[in-house]
Amino acid sequence: MVRLTISRQIWRVLVSRLPSEIDTLDARLIALLKAEPRIGVLECSRRLRVARGTVQARLDRLAERGVIRGHGPEIDPAALGYGVTAFVTLEIRQRFGHDPVAAHLAEIPEVLEAHTITGSGDLLCRIVARSNADLQRVIDRVMNFEGIVRSSTIIALAEQIPYRVLPLVTAAAARPEG
């Protein structure tokens, strides 16, 4: 018997080339896990009326493809005392590049995410703070890096639509054929 060993990097490339579509069972499974994150695989199989192995295989496939990125709890920063949310656009010195700036931002706990963008800025960050005065402290810490030239901050007053993906999952599963 010949046993093949595939590195994780090669496996990810192979998996990334699989069709990216999801079907209605995938969508129902994701919706169930989103509604009840602590539910087990066996209970999922009972509720969805499919075999336990089917649920496990679907979960494994969705995780390998990066559709499901985690199984941890969702944390509300406001409940932790970080009631101010702001979006900060950063302009960087191009000779530094994005990677050193991203590494600097990753060291700041209040920076929840950062995205390379097009337009007048180079990076868009979502940050949180305990108050407006604390927001100034966080922005000062963000700006304390030679690779960042300028920032522009917008404070969020209220969350109208929370981060969500279930409507997208439903739309992806119901895609028109052809």
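Axes are lines fitted to C-alpha atoms, for helices over the stretch in contact, and angles run from 0 to 180 degrees between N-to-C directions.

The model is predicted: local features need pLDDT of at least 70, side-chain atom pairs count only at pLDDT 80 or more, and totals for chains, interfaces and linings use all residues. Residues are numbered from 1 along each chain as its sequence is written, and side-chain values use heavy atoms, with hydrogens and water left out. The predictor's confidence in each residue is given as pLDDT, from 0 to 100. Its mean over the chain is 89, and 87% of the residues reach 70 or more. Over residues 13–18, pLDDT stays under 50. For that stretch the model has 3 contacts beyond four places in sequence.

The secondary structure comprises 7 helices and 4 strands. Both kinds of element are DSSP runs numbered from the N terminus: helices are H or I with at least four residues, strands are E with at least two. Along the sequence the pattern reads α-α-α-α-β-α-β-β-α-β-α. The chain has 178 residues, of which 26% count as buried. Buried means under 20% relative accessible area, exposed over 50%, and partly exposed in between (1.4 Å probe, protein chains only). Among contacts with a separation of 6 or more, 67% come from residues 24 or more positions apart.

The 4 strands form an open sheet in the order S2-S3-S1-S4, with antiparallel pairing. S2 and strand S4 (148–156) stand at the edges with a single partner strand each, so one side of each is left without a neighbour in the sheet. From one strand to the next, the twist averages 20°. Two strands count as paired if DSSP finds at least two bridges between them.

Strand S3 (residues 123–129) is mostly covered, with 5 of its 7 residues buried. Strand S1 (residues 84–92) runs antiparallel to S3 and is joined to it by 7 bridges. Within this pairing, Thr89 has Leu124 of S3 as its bridge partner. Strand S2 (residues 111–116) also pairs with S3 in the antiparallel sense, over 5 bridges. Here Thr116 stands opposite Leu123 in S3. S2 and S3 form a hairpin with 6 residues between them. Gly119, in the turn, has a positive phi of about 105°. S1 and S4 run antiparallel and are joined by 8 bridges. Val88 stands opposite Thr153 in S4.

Helix H6 (residues 132–143) also lies across S1, S2, S3 and S4. H6 runs at about 155° to S4. The loop between H6 and S4 holds Asn144. Asn144 counts as exposed because its relative accessibility is 62%. Asn144 and His104 are 40 residues apart in sequence, and their C-alpha atoms are 9.2 Å apart in space.

Helix H2 (residues 24–35) has 12 residues. From its first C-alpha to its last, H2 reaches 16 Å, close to the 16 Å expected at 1.5 Å a residue. The expected span is 1.5 Å times one less than the number of residues in the helix. At the start of H2, a side-chain oxygen of Asp23 comes within 3.1 Å of the backbone nitrogen of Leu25.

The buried residues of H2 are Leu25, Asp26, Ala27, Leu29, Ile30, Leu32 and Leu33. An α-helix has 3.6 residues a turn, so residues three or four places apart point the same way. The buried residues of H2 pack against helix H3 (41–48), helix H4 (52–64) and helix H7 (166–173).

Asp26 lies in H2. Asp26 counts as buried because its relative accessibility is 1%. With neighbours within four places in sequence left aside, Asp26 is in contact with Arg58, Arg61 and Leu62. Leu168 is found in helix H7. Leu168 counts as exposed, at 61% relative accessibility. Leu168 and Ala27 are 141 residues apart in sequence and 9.5 Å apart in space, C-alpha to C-alpha.

Terms used: Contact = heavy atoms within 4.5 Å. Polar contact = N/O pair within 3.5 Å; in protein donor to acceptor, adjacent residues only side chain to side chain.
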